[in-house]
Amino acid sequence: MAQHMFSSLGETADRKLQEFADTSREKLETIKKKSVGELYRDTKGWVRHNPGKTLVGAMASGVVIGWFLRRRR
């Protein structure tokens, strides 16, 4: 019973990981085709439409960078 459950869980995780990898490749190809100006404009628009997510992302990035810098000393 437990073996079947873990096998099923592993298959689900593998499928989700494959979907994530495929989506990431597609996004990367889309990004490669855009100019720097287009990327800037897209990013600026996303930030304006998602200020909360942007703030949380910036704070999380600051915590991670601070954590890495503190560990180096």
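**Figure 1. Overall dimensions of the protein chain.** A compact globule of 73 residues would have a radius of gyration near 11 Å, whereas the protein chain in this view has 19 Å; the radius is taken over C-alpha atoms, and the globule rule is 2.2 Å times the number of residues to the power 0.38. This is a predicted model, in which local features need pLDDT of at least 70 and side-chain atom pairs count only at pLDDT 80 or more, while totals for chains, interfaces and linings use all residues. Residues are numbered from 1 along each chain as its sequence is written, and side-chain values use heavy atoms, with hydrogens and water left out. Taken along the principal axes, the box filled by the C-alpha atoms of the protein chain is roughly 55 × 40 × 25 Å.

**Figure 2. Secondary structure and surface of the protein chain.** The protein chain has 3 helices and 0 strands, and its pattern along the sequence reads α-α-α; helices (H or I, at least four residues) and strands (E, at least two) are DSSP runs, numbered from the N terminus. Of the 73 residues, 1% count as buried, where buried means under 20% relative accessible area, exposed means over 50%, and partly exposed lies in between (1.4 Å probe, protein chains only). The accessible surface comes to about 7,100 Å², and 63% of this surface belongs to carbon and sulfur atoms; such areas come from the Shrake-Rupley method with a 1.4 Å probe, and for residues only the protein chains shown count as cover.

**Figure 3. The crossing of helix 2 and helix 3.** Helix 2 (residues 36-49) and helix 3 (residues 51-72) have axes that come within 5 Å and cross at roughly 105°, the axes being lines fitted to C-alpha atoms, for helices over the stretch in contact, with angles from 0 to 180 degrees between N-to-C directions. The two helices are therefore roughly perpendicular to each other, a term for angles of 65 to 115 degrees, while those under 35 count as roughly parallel, those over 145 as roughly antiparallel and the rest as oblique.

**Figure 4. Leu17 in helix 1.** Leu17 lies in helix 1 (residues 2-32) and counts as exposed because its relative accessibility is 55%. Between the C-alpha atoms of Leu17 and Leu39, which are 22 residues apart along the chain, the separation is 26 Å.

**Figure 5. Val64 in helix 3.** Val64 belongs to helix 3, and with a relative accessibility of 42% it counts as partly exposed. From C-alpha to C-alpha, Val64 and Glu26 are 27 Å apart in space, and in sequence they are 38 residues apart.
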